[in-house]
Amino acid sequence: MSVAAYGGRLKSKKRRDRMMNLITFVVVIVFTVLALFPIWWIFRTSLMTNAEIYKYPPSLIPQNWLFSNYERTLEIFKFWKYLWNTMVIIVPSCLAGTFTATLCGYAFARLRFRGKSLIWALCVGSMLLPAMVTLIPLYIGWTRGLGLNDSYWPLILPYFCGGGAFNIFLIRQFIMSIPRELDQAATIDGAGYFRILFSIIMPAIRPAMIVVALFIFIGLWNDLLQQMIYINSSDKYTIALGLTNFRGQLKSDWSLTMAATCLSFAPGVIFYLIGQRYFVEGITLTGLKN
C-alpha cells in the first residue's frame, strides 16, 4: 500500500471517528435534555402564579420569577422539621447499613465457614423476592410482636442486619477484585481478619462503600410506602409524608406544591452531587479484576 493511499485511509478514519463522536454527543445532549426537562418544568411552575400555570399555550420560562412562592411555602410546609425527621432515619441507617454490608461482603469474599455457599445463595436469591410479599409479615412482627408502631425503628433496624442483599453483593464483588496477595502479606506480618479489613480492604473499597450509602440514602428518601405504614403522628412525618400531606391540603395550588417539591428533592440532589464521582467509580469497577 502506497503512502498516499495509507494517508487517505487514515484521514477517512479520522473523519468517521469525528462524525461518530459528534453523533454520540448530540444523542447524549438530547437524552440529557429529556431527563432534565421534568425537573425544569417543576422548578418553573414553582415560580409562577396559578393563572400563569394554566395559561395556554404554556411558556417554558416564567414571566415573573416569583421566589416569594418559596417563602410562602416555608410558612405552611414544615420543611426543616420534616428534613430533621428524615435525617434521623437516614443517618444511622446509612452508617449501619454500609458498615454491616461491608462486614458481610468481606465474610463472603474472604472467609471460609460451613454453609457459606448455601447462605450466599439464599442472600442473592432474596433479591428476587418482591418487597410486597414481606410487607405484611414484617408489619405484624414490628408492631404486634415488638410494639414498635408509630416509630422510626422499623425503618432503621433492618440496616443493622447486613444493609440489604444487593449492597452485600456489591461489596462482595468489589472485594473479590482485590488481590488476595495483600491479605496473605498482612497475615504473614501478624494481622488478623479485622486488621486486614480495616487497614487494607476498607480503604480500597471506599468507592463501593459510598455507592452503598448512596443507595440506602435514595431508597429511604423515596420510601413513601413503609413510612406511611409505620409513622402515624404528624410531628414524626418525613419529607415524603409531609409532601404528600401538603399536596393533599393545597389541592389545586400548584405553585406552592411545586415549590415544596423542589425543596424536597434538593437535599437528595446535593447529596448525590457530592458523591457522584465515587458513585460512577464504584459502579464501573465493581466485579473487575485487577
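In this predicted model, the lining of the second largest pocket draws at least two residues from each of helix 11, helix 13 (239-250) and helix 14 (254-285). Helix 14 makes the largest contribution to this lining, with 7 residues. The second largest pocket holds about 430 Å³ of space and is lined by 17 residues. Nearest to its centre are Trp221, Asn222, Ser264, Phe265 and Gly268. By residue type, the lining of the second largest pocket consists of 12 nonpolar and 5 polar residues, with no charged residue.

The largest pocket has a volume of about 1100 Å³. Its lining is made up of 32 residues, and those nearest the centre are Ala131, Tyr159, Gly164, Ala165 and Gln226. Two or more lining residues come from each of helix 6 (131-145), helix 7 (153-156), helix 8 (165-176), helix 11 (206-221) and helix 12 (224-230). Of these elements, helix 6 gives the largest share of the lining, 6 residues. The lining of the largest pocket divides into 23 nonpolar residues, 8 polar residues and 1 charged residue.

Two features of the backbone were noted in loops. The peptide bond that leads from Tyr56 to Pro57 is cis, its omega being near 0 degrees. Pro57 is located in the loop that runs between helix 2 (50-53) and helix 3 (68-76). The other feature concerns Asp150, which has a positive phi of about 55 degrees although this residue is not a glycine. Asp150 belongs to the loop between helix 6 and helix 7. With a relative accessible area of 18%, Asp150 is classed as buried, because the cut-off for a buried residue is under 20%.

How values were computed. Residues are numbered from 1 along each chain as its sequence is written. This is a predicted model: local features need pLDDT of at least 70, side-chain atom pairs count only at pLDDT 80 or more; totals for chains, interfaces and linings use all residues. Side-chain values use heavy atoms; hydrogens and water are left out. On a 1 Å grid over the protein atoms alone, a cavity is a set of points where a 1.4 Å probe fits but cannot get out, and a pocket is an open set with protein on both sides within 12 Å along at least five of seven lines; lining residues have an atom within 4 Å of a point. Grid points are joined across faces, edges and corners, and a volume is the space filled by probe spheres set on the points. Helices (H or I, at least four residues) and strands (E, at least two) are DSSP runs, numbered from the N terminus. Ala, Val, Leu, Ile, Met, Phe, Trp, Tyr, Cys and Pro count as nonpolar, Asp, Glu, Lys and Arg as charged, and the others, Gly among them, as polar. Buried means under 20% relative accessible area, exposed over 50%, partly exposed in between (1.4 Å probe, protein chains only).
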